[in-house]
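Thanks for coming. I will go through one model, strand by strand and then helix by helix. Please have the sequence and the structure open.

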Amino acid sequence: MVIPTLKAPNRNGRASIIVNAKVKQEGRLIAASPVTERMVNALKEAIAGCSPETIIETVAVASLWSDQAQQHTQMGGRIYCPLTIQLPCWLDFPGQSIYQACQEINARRQWVSQQLNLPLCSDANWLGDHWLPIIVTTNGIQFLPLIYEGMMPNAYEMVSWDLPPYQRYQSGLENLAQALLKELKAPPAVYLLQFSLTQGLLFDRLWPFPAAPAIATVNHGYPNLYTYHWCCLNNLPLPISLGDRQPQQLLSL
């Protein structure tokens, strides 16, 4: 696997945040869930903090499905930051292939079951309630503390690896993440691996961006997953050390 080489940092370009919501012409969200608004605001703050000269726009994914949109949308100096996996196939950006792969949830589950010999959940509508944050850079990968959804929907919180039963599954989760990212040739970005521990370790799906659970990392007094995501997309130095362990290599570069 070869991690794509990124261009120089995008300090004076344009960032397009793509969301599954309605957006007014001036870029203001309408008919968006509170969670989507929090995600967008967190990413905007991250971009403004790391790359203050970058122009930020919010784009409704529905507006990209027309032939006219395909003709008028150009990559140029633009960095696409989709916060949804429901993207048109023609949208050409470094994460295109992995976004498409993450849409194929059943195919990813089958691969994990067959290649890693993990149990497979037969319920197509099943959802995991834990997320493993993964930061992928050109130098390797690093894992952050787990995120858990409590009894209330969209009530996310960070949990320590030191708590049972997480210690038991830490190695298996990290091996799963590395194998999956290597198989998908994951470009630099922040990923969330969704899973459950209700019947042992059950893989659910992979998110190729800081999805809603990443909100748990906002306002904790240190850079959040949206900041790390922007840094990874632009080959910017990560703002702080990610822990005592060195980033774990996916391969020799």
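Some housekeeping comes before that. This is a predicted model, where local features need pLDDT of at least 70 and side-chain atom pairs count only at pLDDT 80 or more, while totals for chains, interfaces and linings use all residues. Residues are numbered from 1 along each chain as its sequence is written, and side-chain values use heavy atoms, with hydrogens and water left out.

I start with strand β6, residues 130-137. Helices and strands here are DSSP runs numbered from the N terminus, helices being H or I with at least four residues and strands E with at least two. Is β6 mostly covered or mostly uncovered? Mostly covered: eight of its eight residues are buried. Buried means under 20% relative accessible area, exposed means over 50%, and partly exposed is in between, using a 1.4 Å probe and protein chains only. H130, L132, I134 and V136 point one way from β6, and W131, P133, I135 and T137 point the other way.

Now the partners of β6. Two strands pair if DSSP finds at least two bridges between them. With β10, residues 189-196, β6 pairs in the antiparallel sense over seven bridges. With β7, residues 140-143, the pairing is also antiparallel, over four bridges, and a hairpin of two residues joins β6 to β7. With β8, residues 146-149, there are two bridges, again antiparallel. As for individual positions, I134 has Y191 as its bridge partner in β10 and F143 in β7, and H130 stands opposite Y148 in β8.

Next, another sheet. Three strands form an open sheet in the order β4-β1-β5, with parallel pairing. β4 (55-60) and β5 (78-82) are at the edges with a single partner strand each, so one side of each has no neighbour in the sheet. Neighbouring strands are turned by 25° against each other on average, direction ignored. For the angles, axes are lines fitted to C-alpha atoms, for helices over the stretch in contact, and angles run from 0 to 180 degrees between N-to-C directions. β1, residues 14-19, pairs with β5 over five bridges, and R14 stands opposite R78 in β5.

On to the core. A nonpolar core is a set of buried Ala, Val, Leu, Ile, Met, Phe, Trp, Tyr and Cys residues joined through side-chain atoms within 4.5 Å. The largest one has 78 residues, and L132, I134, Y191, L193 and Y226 touch the most other members. Contact means heavy atoms within 4.5 Å. Leaving out residues up to four places away in sequence, L193 touches, among others, H130, L132, I134, L176 and F203. In soluble globular proteins, nonpolar side chains tend to be buried together.

Last, the helix crossing. The axes of α4 (residues 105-116) and α5 (residues 166-183) come within 11 Å and cross at roughly 115°. W111, V112 and L116 of α4 meet L176, A179, L180 and E183 of α5.

Which residues does V112 touch? Leaving out residues up to four places away in sequence, they are N117, L118, L176, L180 and F203. V112 counts as buried because its relative accessibility is 2%. V112 and L180 are 68 residues apart in sequence and 7.6 Å apart in space, C-alpha to C-alpha.
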